[in-house]
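Here is a protein model to read closely. Look at its strands, its charged pairs and its surface, then work through the questions.

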Amino acid sequence: MHHRNVALLAAGLAATTLSGVASAAVTMEDFGGLTFNAGVVGDVRSFTTEQLMGNGTAVENANGSVTWQQTNTIGGPDSGWTISSQDITFSPNPFINVAFTFTNVTGSTQNFVVEQSLFTTETIPSPTISGAVDVDLSDADADGSATLAETTATSEVFYNAFIYGTDVIDLLGGDLPISTSFPILANASDQLFPGVASPVALNTGDEFGIRFEFSLSPGDSITVNSGFLIVPEPASLALAGTGLALALRRRRG
């Protein structure tokens, strides 16, 4: 069911940009539930909603979703990684779209995990799910090469969408590793669209989101654009063309 067609994915990204201009600032009371985890496998660090609000701005979009944009770089030499240019657009009823640039600042190839999630306000007994991911690899330290691969430490895919702890979509399982030489970018894309039946139900209060698991060469960066959409029935997937689903914005770090 996976489709690896860059042109098709690019068309999907262009067709699903959020409509409307941000309408209002969002307060902590409005923002609750979004969490973010990142780190080297075995040393993953967690960031709460309050910490995210302290390092970014959140606005409500015209369609009722919220976009949080990171203000300052997260991580550093002590953590072995940095994340910059991150924004997360989400709605608890329910979708999440994630874009960020991640850099390995250690001196060796490392296995990493990055995860963004929130808690739904919906109950959908038989949801249909869709997902998409696009990743660019860059030789950020200009040493002549960069490599991005799956990690077999915890997963053999790059993108894992999950509902209440159960992985429901796996993408980029057969498209990695990719490598590049300075200054050329390498790219990989994958999607599951218009969607399939979820193996698990979605219940009010369930956590859902996207987890990225990968091996990245030292000093190098990836820029990720991705989305995960949950709808009640197949017919509702028509929303994906209206600007409410998989609102991915093409970005390069």
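Q: What is the bridge partner of Thr57 in E5?
A: This is a predicted model: local features need pLDDT of at least 70, side-chain atom pairs count only at pLDDT 80 or more, and totals for chains, interfaces and linings use all residues. Residues are numbered from 1 along each chain as its sequence is written, and side-chain values use heavy atoms, with hydrogens and water left out. Strand E4 (residues 56–60) pairs with strand E5 (residues 66–70) in the antiparallel sense; strands pair if DSSP finds at least two bridges between them, and a strand is a DSSP run of E with at least two residues, numbered from the N terminus. In E5, Thr57 has as its bridge partner Gln69.

Q: Which residue takes a positive phi in the hairpin of E4 and E5?
A: The hairpin has five residues between its strands. The phi angle in question is near 95°. The residue that takes it is Gly64.

Q: How many salt bridges does a search of the whole structure find?
A: A salt bridge needs a side-chain nitrogen of Lys or Arg within 4 Å of a carboxyl oxygen of Asp or Glu. One of them joins Arg45 and Asp78. The search of the whole structure finds three.

Q: How far apart are the closest N and O atoms of Arg45 and Asp78?
A: Side chains of opposite charge can pair when their charged atoms come close. Arg45 and Asp78 form a salt bridge. Their closest N and O atoms are apart by 3.6 Å.

Q: Is Asp78 buried or exposed?
A: Buried means under 20% relative accessible area, exposed over 50%, and partly exposed in between (1.4 Å probe, protein chains only). Asp78 has 63% relative accessibility. Asp78 therefore counts as exposed.

Q: What is the relative accessibility of Arg211?
A: Both Arg211 and Glu213 are buried. Asp167 counts as partly exposed, at 34%. Arg211 counts as buried because its relative accessibility is 15%.

Q: What percentage of the residues in the protein chain are buried?
A: The protein chain has 253 residues. Its secondary structure includes 17 strands. The buried share of the residues is 51%.

Conventions. Helix = DSSP H or I, 4+ residues; strand = E, 2+ residues; numbered from the N terminus.
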